[in-house]
Amino acid sequence: MLPKQEILLSPIQQVRLELYREFGDEAKEAFDFIIGNDAACGVAAPESVAPANPYKDADGVYIIYKDGSYELFTGHNGKENVKYVGLIYNGRHIAVALNNLGGEDKEYQFLKDGASAPEESVYYTRQMGICAFEDFAGKANTEHIKNEYDSEIPFDLLENGEYIPAMGEWGLLMMFASRINEALVYVGGTPLKGWLWSSTEYSQYVAWVVGFNGGGTHGISKYLSLSVRAVAAF
């Protein structure tokens, strides 16, 4: 007799199972109501969320290669043709560029001297009334900054799909900073260190930043100069 095998269910499959137990044949209607059709309503999913594969995409730090393949970082991985170091955590996939935008010592003003931003904006956490770490819309934020502001950040150096991480994405990366930095150094990149811009804005003149030397976060003047590290989804 073959040994009994445990069936692993995805989070969505678990929801379906619980609804079926509760509602029987009406489970599909309940599921459709709860999940909804976000695409039809114009609601975009967070850029860093990717469908989870429970047999492959376990939480952890990954080496991502130029051909799109990736493998869990072990310290014995291949070092050739590495594109990013990645993090998978709770279904989110975030790929970190190997170096700061423009070089390790390059710093940029969020807003150039004399430039301005609107007094009110739906992009400001102060106006939205949310904690900065609730913001995972890094890609949308980056497009907004690029198209609406006179910023010193060289967006033309971002590769296709890359963006400046929002505070929610930075928060996850900070949780695994030591292991991510170990992987970055292993493949010949530079570790996350010092103060880095996020794409999350607090108000007209203040944006959120993260500090990898001590794990701090602050809202600071957009006219100050800090480094930028790009990320991407994978």
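Reader: How much space lies in the second largest pocket?
Author: About 200 Å³. Keep in mind that this is a predicted model.

Reader: What lines the second largest pocket?
Author: Its lining includes Lys 83, Tyr 84, Leu 98, Glu 159 and Ala 230. By class, that lining has 6 nonpolar, 3 polar and 3 charged residues.

Reader: Now Val 187. What makes it buried or exposed?
Author: Buried means under 20% relative accessible area. Val 187 has 13%, so it is buried. You'll find Val 187 in the loop between α6 (177-186) and β6.

Reader: Which residues does Val 187 touch?
Author: Leaving out residues up to four places away in sequence, Val 187 touches Ile 63, Val 82, Val 85 and Leu 98. Ile 63 is 124 residues apart from Val 187 along the chain, yet their C-alpha atoms are separated by 8.4 Å.

Reader: On to the sheet with the order β6-β7-β8. Why do β6 and β8 stand at the edges?
Author: Each has a single partner strand, so one side of each has no neighbour in the sheet. The twist from one strand to the next averages 35°.

Reader: How do you know that β7 and β8 pair?
Author: Pairing takes at least two bridges. Strand β7 (residues 206-211) is joined to β8 by 6 bridges, so the two pair, and they run antiparallel. In one of those, Val 209 has His 218 of β8 as its bridge partner.

Definitions and conventions
Residues numbered from 1 in each chain as written. Predicted model: local features only at pLDDT ≥ 70, side-chain atom pairs only at ≥ 80, totals over all residues. Heavy atoms only, no water. 1 Å grid on protein atoms, 1.4 Å probe; cavity = no way out; pocket = protein on both sides within 12 Å on 5 of 7 lines; lining within 4 Å. Points joined across faces, edges and corners; volume = space filled by probe spheres on them. Nonpolar A, V, L, I, M, F, W, Y, C, P; charged D, E, K, R; others polar. Helix = DSSP H or I, 4+ residues; strand = E, 2+ residues; numbered from the N terminus. Axes fitted to C-alpha atoms, helices over the stretch in contact; angles between N-to-C directions. Buried < 20%, exposed > 50% of the residue type's maximum accessible area, 1.4 Å probe, protein only. Contact = heavy atoms within 4.5 Å.
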